[in-house]
Amino acid sequence: MINDFLHGGGDNFTAFKGTKLVGAVGTDTDTFVNYIQTMTSAAKKVVPPVLDRKTLIQ
């Protein structure tokens with residue numbers, strides 16, 4: 001499976017362009033919207049992870 005952006009050669013990434021398409025998941029936006037709708041209908045909150053990747057140095 002591949003998304004439309006990669007299969008279409010988005011951002012000049014042409015490795016998959018012109019190859020046989022076996023299955024597609026649609027656009028990134030459609031996939032994200034479907035995820036949010038699924039979580040909402042299941043009454044689950046979408047909670048972002050705490051990353052703690054930055055440290056303030058003074």
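Predicted model: local features only at pLDDT ≥ 70, side-chain atom pairs only at ≥ 80, totals over all residues.
Student: Let's start with the fold. What makes up the secondary structure of the chain?

Tutor: Two helices and zero strands. Helix 1 covers 4-7, and helix 2 takes in residues 28-41.

Student: How do you know that the span of helix 2 agrees with its 14 residues?

Tutor: The rule is 1.5 Å times one less than the number of residues. For the 14 residues of helix 2 that should give 20 Å, and the end C-alpha atoms are 20 Å apart, so the two values agree.

Student: What radius of gyration does the chain have, and what would a compact globule of 58 residues have?

Tutor: The chain has 17 Å, whereas a compact globule of 58 residues would be near 10 Å. The box tells you about the extents too: along the principal axes, the C-alpha atoms fill roughly 50 × 40 × 15 Å.

Student: And how much of the chain is buried?

Tutor: Buried residues make up 12% of the 58 residues. As for the surface, the chain exposes about 5,400 Å², with carbon and sulfur atoms supplying 59% of it.

Student: On to the rings. Why is the pair of F13 and F16 called tilted?

Tutor: Two checks. Ring centres have to lie within 6.5 Å to pair, and those of F13 and F16 are 5.8 Å apart. Then the angle: under 30 degrees would be stacked and over 60 edge-to-face. The planes here are at 50°, so the pair is tilted.

Student: How many aromatic pairs does that rule give?

Tutor: The count comes to one aromatic pair.

Student: Are F13 and F16 buried, exposed or partly exposed?

Tutor: Partly exposed is the band between under 20% for buried and over 50% for exposed. F13 has a relative accessible area of 40%, so F13 is partly exposed. F16, with 35%, is partly exposed as well.

Student: What makes the phi of D11 and N12 worth a look?

Tutor: Most residues other than glycine have a negative phi. D11 is not a glycine, yet has a positive phi of about 55°. N12 isn't a glycine either, and its positive phi is about 60°. D11 sits in the loop between helix 1 and helix 2, and N12 is in that loop too.

Student: Why are D11 and N12 called exposed?

Tutor: The cut-off is over 50%. D11 has a relative accessible area of 69%, so D11 is exposed. N12 comes in at 71% and therefore counts as exposed.

Student: Which residue takes a positive phi just after helix 2?

Tutor: That's A43, with a phi of about 60°.

Student: Why is I36 called partly exposed?

Tutor: I36 has a relative accessible area of 28%, and buried would need under 20%, exposed over 50%. So I36 falls in the partly exposed band. I36 lies in helix 2, and its C-alpha atom is 7.5 Å from that of V46, ten residues apart along the chain.

Student: Last one: what makes R53 exposed?

Tutor: R53 has 69% relative accessibility, so R53 counts as exposed. R53 is found in the segment after helix 2. The C-alpha atoms of R53 and F13, 40 residues apart along the chain, are separated by 29 Å.

Notes
Residues numbered from 1 in each chain as written. Heavy atoms only, no water. Phe/Tyr/Trp six-rings, centres within 6.5 Å; stacked < 30°, edge-to-face > 60°. Buried < 20%, exposed > 50% of the residue type's maximum accessible area, 1.4 Å probe, protein only. Helix = DSSP H or I, 4+ residues; strand = E, 2+ residues; numbered from the N terminus. Rg over C-alpha atoms; globule rule 2.2 N^0.38 Å. Areas by Shrake-Rupley, 256 points an atom, 1.4 Å probe, with all protein chains shown as cover.
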